[in-house]
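This briefing covers an interface between two chains and a few individual residues. The sequence and structure come first, and the notes follow by topic.

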Amino acid sequence: MNIDIDHLTRRFGRTQAVVGVDLQVGLGVFGLLGPNGAGKTSLLRMMATVLQPSSGSLRLLGRDPHNYGERREIRRRLGYLPQNLGYYPGFTVVEFVEYFALLKEMSPARIPAAVAEAVERVELGEKARSKLRTLSGGMLRRVGIAQAIVNDPELLLLDEPTAGLDPEQRVQFRAVLRELGERSTVVVSTHLVEDVGAACTEVALIDRGNIAFRGTPDELTERGAGYGLGDSPLERGYSAVLAGGRA
Amino acid sequence: MTSVTLPLGSKPQRIRPMRRARLLRLELRHSIMILLLPLLGALFYFDAFHKAVGYPPFWFVRSSVILHELVPDVSLFAAGVAAWTGSREGRRETVDLVTMAARPRWATALASFAGTTIWTLAAFLGCVAVLYGFTATQASWGGPPWWPVAAGAAVLCAFCALGFAAGLLLPSRFTAPLAALVTFLVLIVAFRVVLNESHPSFALLSPMNSVPPGDAGVFFHYFPDLYIVQIMFFAGIVVVVLGGLGLVTASGSRIVSRTAAVVTALGLAAVGTGMGLAGTARVEANGVVSPAVHDAASDWPITYTPVCQQGAIPVCVHPAFRAYLPDLVAALNPLINQFAGLPGAPVRVEQSSSSTTLELSVAVSSTEIGTLVGASASLTGNPPVLRLALTEVPSQPEPPSSQSLGVEQGAFVDAFIGPAGGTLGDPAQAAIEAALLHNAGSLPSPAAQAANRFAGLAPSVQRAWLATHLRALRSGHIALARIP
């Protein structure tokens, strides 16, 4: 398993963001669904080794992130797109991606080709030399995805990756996700159920810090049979699980 | 699902110099310091350079503006820009991305710091190059002093480090202006006011408190002691701050923590040593001496062959003052013609050093070169030689002012007719001097009347009277009434 989580908890003062989560994830695209404030981002940040768990154990890519040396190894193989992508307005697209490639300790010889490939993959080749301050929100999101995938990560963590993308870009991006999922573990945190339905092989629904559902998108759809809230079958499944959990 | 098989315990990749160079290149390309270079250039031109060209073309005198003007000017911007750069991750919300990268955050921070510091030093050295290049076209003696440049660079690195640390630890858009303000307060208030009054020795650590004597590098070697102490102190601050950042950002790495701890300890040792050495410093005629780092070889005067103009009494000056010689001879010639051949008259007029020993607190509070230059003359040796310290070092290509030449004429007469080397305490001596210098108006009435009487005599009569009465006049045995 590339992600092996055992009873993971994270508290912020009195608030429990993540409550005893158990999760094992292997290759493929894994969707993390849930309403706002459910704990998706906290869970993802712990997987990204940015946030320390309050308790429980976490192993990523067969390594223990508590150990500094192993954590560094994990980070070399990790790609992460935060929910709020910060960026340096004066950098060009290529420079920004190159900067994070260098921070990921990629081999300098590999970097130019890897940066070019990542930028092309998110369809920003024509804007490669543009300063980030001149790009639209959707383009910036794609720059964020490019920096996340530049090191060809074995574990890719994406927090709301399709936010700000137009429908065409979203479709293209789902294709990229499916392709990445063939050889690595991709975790996509989102509240857009159509992304999950189109790209994910497996999905977990988080509510109030707990995993309320885990299965395939088809299984989630089945949960919604006969439930009226939602425009699509998957949305009805999503709503049914949440309603069932809260009841 | 299947999991990816990865080799466990594989050794971390070595951080290659190539990677560091690329990261540094990115930081250099995007340093905000680049935008400020024109402003720094203008500030240098109108402040430090403008002041320097008003000084005589002596290397140490001109180089004084490096620490007094240029470094404080650049420090304010350097600290502000470094704080802005240090706060970048916090302001731009990239902390998560930088934190989750494999490269230790300390190393990433050092690259950002280096980007700002390199531009700061480049701006500083560019200004120094302009200053020294201009001085080289005018100076006729010695060469550019590098100790002030090294000390200035250390000071700038220290303020860059402090600003950067402030930005990294307290990321906000207000950190940069606050860092610049604090730098100003440290340089102007803390060093020059607070420390200067309570601990003048420690105030010497301020780059703005190292005034070189006017004759440094001309008659004697300038002591690098104070510069060494300042470099030690400020380099120590840089090391402490950067080591401290390593401790803060180690995030569980024992190697980083230990390295940062060792670096911090070394920095603290350097800071402590610098302060200790400053505490033992004392001001001497030729500069500030710190016994532990003082090189006795620099106590020896600089050997030189004086440049002389022959006449009734030859006048010789240091070759650095070559341009001053014709005006000096022209000013002294009326007196030389009057005194030549008289009993006890000097066989030669020779320029001497004008530096004087100051109290530590006075030296610290003095920032103007002119305040350290005195005017004096003495008649010594057998046959007697009149040693004359010039009141004002010449500011080429402008000729020396008539006022300064008048002071030198006065010093010449003082030394010749005053009691054993100079101070006129006797009314008759004052009257004769006033008569010879044509300024009787400054004397009280009886002495002024005597001076006017003597001034009204023909030069040959004056000379004849001096030949007869000079010995009695010098020993103070001539009454005003006996002056013809």
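Where in chain A is the place of E105(A)? In this predicted model, E105(A) sits in the loop that joins α3 (93–103) to α4 (111–121) of chain A. With a relative accessibility of 1%, E105(A) is buried, because the cut-off for that class is under 20%.

**A buried glutamate**

- The side chain of E105(A) is in polar contact with the side chain of R72(A), at 2.8 Å.
- E105(A) is thus a loop residue of chain A that counts as buried and has a side-chain partner in R72(A).

**The interface of chain A and chain B**

- On chain A, 49 residues are in contact with chain B, and on chain B the contact involves 42 residues.
- About 4100 Å² of area is buried between chain A and chain B, and carbon and sulfur atoms give 59% of this area.
- Between chain A and chain B there are four salt bridges.
- A salt bridge links R45(A) and D96(B), with 2.8 Å between the closest N and O atoms.
- Polar contacts across the interface of chain A and chain B come to 15 residue pairs, counting pairs with both residues at pLDDT 80 or more.
- Four elements of chain A each give two or more residues to the side that touches chain B: α2 (68–76), β5 (78–81), α3 and α4.
- The side of chain A that touches chain B is made up of 22 nonpolar, 11 polar and 16 charged residues.

- Most residues other than glycine have a negative phi.
- R208(A) has a positive phi, near 50 degrees, and is not a glycine.
- R208(A) lies in the loop of chain A between β8 (202–207) and β9 (210–215).
- The relative accessible area of R208(A) is 55%, so R208(A) counts as exposed, the cut-off being over 50%.
- E93(B) also has a positive phi without being a glycine, with a value near 55 degrees.
- The loop that holds E93(B) runs between α4 (88–91) and α5 (95–99) of chain B.
- E93(B) is exposed because its relative accessible area, 53%, is over 50%.

- R208(A) is exposed and E93(B) is exposed, whereas E105(A) is buried.

Methods: Residues numbered from 1 in each chain as written. Chains lettered and ligands numbered in written order. Predicted model: local features only at pLDDT ≥ 70, side-chain atom pairs only at ≥ 80, totals over all residues. Heavy atoms only, no water. Buried < 20%, exposed > 50% of the residue type's maximum accessible area, 1.4 Å probe, protein only. Polar contact = N/O pair within 3.5 Å; in protein donor to acceptor, adjacent residues only side chain to side chain. Contact = heavy atoms within 4.5 Å. Buried area = accessible area lost by both parts, 1.4 Å probe. Salt bridge = Lys/Arg side-chain N within 4 Å of Asp/Glu carboxyl O. Nonpolar A, V, L, I, M, F, W, Y, C, P; charged D, E, K, R; others polar.
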